[in-house]
Amino acid sequence: MGWLFYTDGRVQTYADEKAEIARLCTFEGDRRKTELVKACKVGSTWYAAAKVTNFDGTPVEDTTYITDPDGSITFGAVFLTRYDDGCWGYKDMEESAGPVESRAPLSLLALLSELKDPDSYAQDWRQRCRDWAAIPDYEEGDKIRLATPVTLTDGSTCQIVTATHYRRGRQKRRCYRIEETGGLVRLSRASLAGSELLSSAKGAASPVLAEYLAGQGG
């Protein structure tokens, strides 16, 4: 399915978006209904858990999902969203369709029904979500070995870094001091996947940044 944009301006705020995701995940047929259980927005992407039940109370039979004890199934859905000339639009896909975006919170994954096929697209998507959630949130002063070297804009690489920060105006922003050169670099969360904590040095201040700035001043 392609992108669908609303030109009537009905979606303008976060609350509008959440209400529209709920509406899109709620519908009734002749025998069963689907309703939103949970929706979470990460970046510009909405992740949803939608529950399917039969009106007569009989178990829902499905080729992808194992029926839950209450007779229902709950599946995951991904909604890519963006604004174009003030118009909100979305592109949706069910988890078994192989969505690329895979940052659904663990709390949402826990609501989903078990899968029949351990090698399915949905199983792979769920594992990628878990891998993303497993990336550590490092503390100030933590020394880290990246799983693979990161290539910088000047062509050099770095693999061992120390978490620190710098300030831009009133904002405190995360950066990392390169072990080999002492320079500072911004790293994406994805580049921290599979990284290893070598040592921890928690503190409110930033000794590595202070050392770096002292060196620059000399």
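The following legends describe close-up views of a predicted model.

**Figure 1**
The protein chain is divided into domain 1, spanning residues 4–134, and domain 2, spanning residues 142–215. Taken over C-alpha atoms, the centres of domain 1 and domain 2 are separated by 36 Å. A further distance is given by Gly29 and Ile160, which lie 56 Å apart in space, C-alpha to C-alpha, and 131 residues apart in sequence. Gly29 belongs to the loop between strand 2 (27–28) and strand 3 (32–42). With a relative accessibility of 40%, Gly29 counts as partly exposed.

**Figure 1. The aromatic pair of Tyr6 and Trp88.**
Seven aromatic pairs are present in the structure. In the pair shown here, the ring centres of Tyr6 and Trp88 are 5.5 Å apart and the ring planes meet at 65°, so the pair is edge-to-face. This pair links distant parts of the chain, 82 residues apart: Tyr6 is in the loop between strand 1 (4–5) and helix 1 (14–24), whereas Trp88 is in strand 6 (residues 87–94). Tyr6 and Trp88 are both buried.

Phe79 and Tyr90 form a tilted aromatic pair, with 6.1 Å from centre to centre and 55° between the planes. Phe79 is located in strand 5 (residues 73–84) and Tyr90 in strand 6, so the pair ties together parts that are eleven residues apart in sequence. Phe79 has a relative accessibility of 4% and therefore counts as buried. Tyr90 is likewise buried, its relative accessible area being 6%. Through ring pairs, Tyr6, Phe79, Trp88 and Tyr90 are linked into a cluster.

**Figure 2. The loop between strand 5 and strand 6.**
Asp85 is found in the loop that runs between strand 5 and strand 6. For context, most residues other than glycine have a negative phi. Is Asp85 buried or exposed? Asp85 has a relative accessible area of 77% and is therefore exposed.

**Figure 3. Arginine side chains at the ring of Trp132.**
The ring of Trp132 has the charged end of Arg103 sitting over it, at 3.9 Å from the ring centre. The charged end of Arg189 also sits over the ring of Trp132, at 5.1 Å from its centre.

**Figure 4. Polar contacts of Glu140.**
Glu140 is placed in the loop between helix 3 (121–133) and strand 7 (143–151). Because its relative accessible area is 8%, below the cut-off of 20%, Glu140 is classed as buried. Which side chains does the side chain of Glu140 contact? Another polar contact is made with the side chain of Arg174, at 3.5 Å.

**Figure 5. The polar contact of Asp142.**
Asp142 also has its place in the loop between helix 3 and strand 7. Its relative accessible area of 4% makes Asp142 buried. The side chain of Asp142 makes a polar contact of 2.9 Å with the side chain of Ser200.

How many disulfides does the model contain? The count comes to zero. Cys25 is in no disulfide, and the nearest cysteine sulfur, belonging to Cys40, is 12 Å away. With a relative accessible area of 6%, Cys25 is buried. Cys129 is in no disulfide either, and its nearest cysteine sulfur is that of Cys40, 11 Å away. The relative accessible area of Cys129 is 0%, so Cys129 is buried.

**Figure 6. The annotated segment 116–190**.
The UniProt record, an unreviewed entry, carries the annotation "domain: DUF6927" for residues 116–190. Across residues 116–190 the chain is 41% strand and 17% helix. The end C-alpha atoms of residues 116–190 lie 29 Å apart.

Key: Residues are numbered from 1 along each chain as its sequence is written. This is a predicted model: local features need pLDDT of at least 70, side-chain atom pairs count only at pLDDT 80 or more; totals for chains, interfaces and linings use all residues. Side-chain values use heavy atoms; hydrogens and water are left out. Helices (H or I, at least four residues) and strands (E, at least two) are DSSP runs, numbered from the N terminus. Buried means under 20% relative accessible area, exposed over 50%, partly exposed in between (1.4 Å probe, protein chains only). A polar contact is a pair of N or O atoms within 3.5 Å; within protein, one must be able to donate a hydrogen and the other to accept it, and residues adjacent in sequence count only if both atoms are side-chain atoms. Domain bounds come from an automatic or database domain assignment. Rings of Phe, Tyr and Trp (its six-membered ring) pair if their centres lie within 6.5 Å; planes under 30 degrees apart count as stacked, over 60 as edge-to-face and the rest as tilted. A charge sits over a ring if NZ of Lys or CZ of Arg is within 6 Å of the ring centre and within 35 degrees of the ring normal. A disulfide is a pair of cysteine sulfur atoms within 2.5 Å. UniProt positions are given in the numbering used here, feature names are shortened, and annotations may be inferred rather than shown by experiment.
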